[in-house]
Amino acid sequence: MCGIAGWIARRGEGFPAHALDLMLAFVRHRGPDDSGELAAGSADGVAEVALGHRRLSVIDLAGGHQPMALPDGTAVTFNGEIYNHRELRAELERAGAAFATASDTEVLLHGYRAWGAEGLLARLNGMFAFALWDPAAGRLLMARDPFGQKPLFLLHRGGTLAFASEIKALLTLPGVEPRLDRRALAHYFDWLFVPAPRTLFARIKKLPPGHAAVWERGTLHRWAYYTPPDALARLPMPDGDPPALIRAALEAAVARHMLADVPIGAFLSGGLDSSAVVALMARHTGRPVETFSIGFAEPEYSELPYARAVARHLGCRHHDTLFSAKDLIDLLPRATWHRDAPVAEPADLPLLLLSRLARESVTVVLSGEGADELLGGYPRDIAEPWVAGYQRVVPPALHRAVVGPLATGLPYAGRRLKILAGALGEAGF
């Protein structure tokens, strides 16, 4: 996890130099190992840009300082990890690119120069949010990974665009007022989250997952470069045994995620998803996997016995702790500061305590997040096959005028119906 921040504007219309320092101060917790800033102008003198970075060092500890720039001035500030950076590096070197570091960050720069924005994004396998400056074109390219693992927030005001890993960094800018977006608040009460691109703050947007945006001459253009497979009308099934295919894909993903120059561990709940991840990690390392679990004093809510059993079976070096009512009170102010938005299901409180425990031993952790979403593990997923039929039968006007308002007044399950029936359609920025 790193912190990125910066802005771009037509010359003379940007923010004062100290504004970037203040933005980086508000994302310092995301990158305690290093920091950097870069100020530059476009070749035609029309635009000026400021890029900032707070680094958590994971790959190429000595050579991965950011913002990183090529001799021609192309520069990037990058949060995340590119899992296939070695393969991309080899392809670029065969084409004549000369690398100065072993960092995955440099792959973004040479990849953009060789393949352009679309070609680069089509090749990336990783979790990322980045801002890449092209001085020759006077263009800033921003992108977020396909599933939104890394955040990126934007503030477009007149001909000026500011960006940051967290909303609070944008709220420090001169003239930016923290005004409430009332429609976003209604979305939150409807669905218990605010769908992209809105946030609860007027004028501050989040770049949606799988999207890129370009600022050029004061204009911001956004597009989707990735479409999730389950959004396609027909998804062909690959040949072979489905469980074996899932296992092979998961094993390949775990192996990719273990590429790092720092210690790696795992969050272990004892459930199927995190247990499978830890079991596969054990096959790709010559030392015991560092695992971390959190439980509760009330036995009916605690999964520690399951986590401990899995850790013993796999020969892990296990660490666990209990979450108490006192921890809730102590952590709530800090968690609220980190969130930047309300959280309907505050699992982040025990997760914050667990992360502090893990940080004593490792820098990176893997977890089993996302398995329920991918494999239909939630009760609401049962209704998904009916959504397309509903949308064919019920006219959009009837849904907006009658079904949607009625569903809003129903309990939680009724609000789920509203989401599944397609009420999330929103205009862009």
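**Aromatic contacts and sheets in the predicted model**

Arg334 lies over the face of Trp337, 4.6 Å from the ring centre. Lys168 also lies over the face of Trp337, at 4.4 Å from the ring centre. A charge counts as over a ring if NZ of Lys or CZ of Arg is within 6 Å of the ring centre and within 35 degrees of the ring normal.

The model is predicted: local features need pLDDT of at least 70, side-chain atom pairs count only at pLDDT 80 or more, and totals for chains, interfaces and linings use all residues. Residues are numbered from 1 along each chain as its sequence is written, and side-chain values use heavy atoms, with hydrogens and water left out.

A pair of aromatic rings is described by the distance of the centres and the angle of the planes. Rings of Phe, Tyr and Trp (its six-membered ring) pair if their centres lie within 6.5 Å; planes under 30 degrees apart are stacked, over 60 edge-to-face, and the rest tilted. Phe128 and Phe130 are both buried. Buried means under 20% relative accessible area, exposed over 50%, and partly exposed in between (1.4 Å probe, protein chains only). Tyr188 and Phe189 form an edge-to-face pair, with 5.9 Å between centres and 65 degrees between planes. Tyr188 is buried, at 12% relative accessibility. Phe189 is exposed, with a relative accessible area of 55%.

Helices (H or I, at least four residues) and strands (E, at least two) are DSSP runs, numbered from the N terminus. Two strands pair if DSSP finds at least two bridges between them. Six strands make an open sheet with antiparallel pairing, in the order E4-E5-E6-E7-E11-E12. Strands E4 (68–69) and E12 (219–224) are the edge strands, each pairing on one side only. E4 joins strand E5 (residues 75–82) through two antiparallel bridges. Here Met68 stands opposite Val76 of E5. Helix H3 (residues 104–123) packs on this sheet and touches E4, E5, strand E6 (126–134), strand E7 (139–144), strand E11 (211–216) and E12. The direction of H3 makes about 95 degrees with that of E5. Contact means heavy atoms within 4.5 Å. Axes are lines fitted to C-alpha atoms, for helices over the stretch in contact, and angles run from 0 to 180 degrees between N-to-C directions.

E4 and E5 form a hairpin with five residues between them. In the turn, Gly73 has a positive phi of about 95 degrees. Seven of the eight residues of E5 are buried. E5 also pairs with E6, antiparallel, over eight bridges. Thr77 stands opposite Ala131 in E6.

A parallel open sheet has four strands in the order E15-E14-E13-E16. Strands E15 (317–323) and E16 (364–366) stand at its edges, each with a single partner strand, so one side of each has no neighbour in the sheet. Neighbouring strands of this sheet are turned by 30 degrees against each other on average, direction ignored. Strands E13 (residues 264–267) and E14 (residues 290–296) pair in parallel over three bridges. Ala266 has Thr291 in E14 as its bridge partner. Helix H7 (residues 272–282) lies across E13, E14 and E16, at about 155 degrees to E13.

The structure holds zero disulfides, defined as pairs of cysteine sulfur atoms within 2.5 Å. Cys2 is buried, with a relative accessible area of 7%. Cys316 is buried at 15% relative accessibility.
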